[in-house]
Amino acid sequence: MKKLITLAFCIFYLSSCTANHGHFTVITNKMLDKSHFKIADQQVGKNVRGRSVTHIILSWELGDSDISEALDRAMKQDIGSDMIVNADMLYWAWFVPGFYGQHGWRIRGNANSSIMPLEPTQIVEE
C-alpha cells in the first residue's frame with residue numbers, strides 16, 4: 001500500500017520537463033567584429049557553464065530566467081570571452097503543485113574571444 005501511495009504521489013504531484021534546445025557551433029549575445037573573426041582560427045577555450053533560474057513558490061514566480069543571463073554568467077567565468085563555442089543549451093522545469101518549483105536555462109560550452117591575438121610582427125615596442 002505504501003508503494004502505491006508513493007507511486008501515485010510521483011505521478012500526480014511531481015511534474016518536470018527537460019527540453020534540449022540544441023548544440024550550437026557559436027552562440028553569443030554580444031556584437032562581434034566579423035573582420036577579425038574566423039571560426040577556423042579559434043582554439044578550444046575554457047570549459048564553462050552558466051545557469052539562470054526562476055523559483056516558483058505557491059504559483060508565484062520569483063525573478064525571471066532567460067538565455068541572455070545564462071550566457072553572461074558562462075562568459076564571466078573566462079575573462080575576455082565574448083562567445084561560447086560548441087555550446088549545448090537546455091531548458092528545464094520541475095514543480096510540486098501548490099508548494100515549490102523551478103525553471104531555468106543551462107548553457108555549457110567553451111568560452112572564447114573573437115578578438116584575434118596580435119602576431120609578433122604586429123607588436124610595436126616603444
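Start by selecting Met83, which lies in strand 4. Strands here are DSSP runs of E with at least two residues, helices are runs of H or I with at least four, and both are numbered from the N terminus. This is a predicted model: local features need pLDDT of at least 70, side-chain atom pairs count only at pLDDT 80 or more, and totals for chains, interfaces and linings use all residues. Residue numbers run from 1 along each chain as its sequence is written, and side-chain values use heavy atoms, with hydrogens and water left out.

Is Met83 buried or exposed? Met83 is buried, because its relative accessible area is 0%. Buried means under 20% relative accessible area, exposed means over 50%, and partly exposed lies in between (1.4 Å probe, protein chains only).

Next, show strand 4 (residues 83-96) with strand 5. The two pair antiparallel over twelve bridges. Pairing requires that DSSP finds at least two bridges between the strands. Pick Tyr91: opposite it in strand 5 is Trp105.

Colour strand 5 (residues 100-112) by burial. Ten of its 13 residues are buried, leaving the strand mostly covered. Now bring in strand 2 (residues 46-57). Strand 2 runs antiparallel to strand 5, and twelve bridges join them. Select Thr54 here; its bridge partner in strand 5 is His103.

Where is Ser65? Ser65 sits in the loop between strand 3 (60-62) and helix 2 (67-75). Ser65 counts as buried because its relative accessible area is 9%. Its side chain makes a polar contact of 3.5 Å with the side chain of His103. A polar contact is a pair of N or O atoms within 3.5 Å; within protein, one must be able to donate a hydrogen and the other to accept it, and residues adjacent in sequence count only if both atoms are side-chain atoms. Show the wider surroundings too. Beyond neighbours within four places in sequence, Ser65 is in contact (heavy atoms within 4.5 Å) with Ser52, Val53, Thr54, His103, Gly104 and Trp105.

Finish at Leu7, in helix 1 (residues 2-13). Leu7 is partly exposed, because its relative accessibility is 48%.
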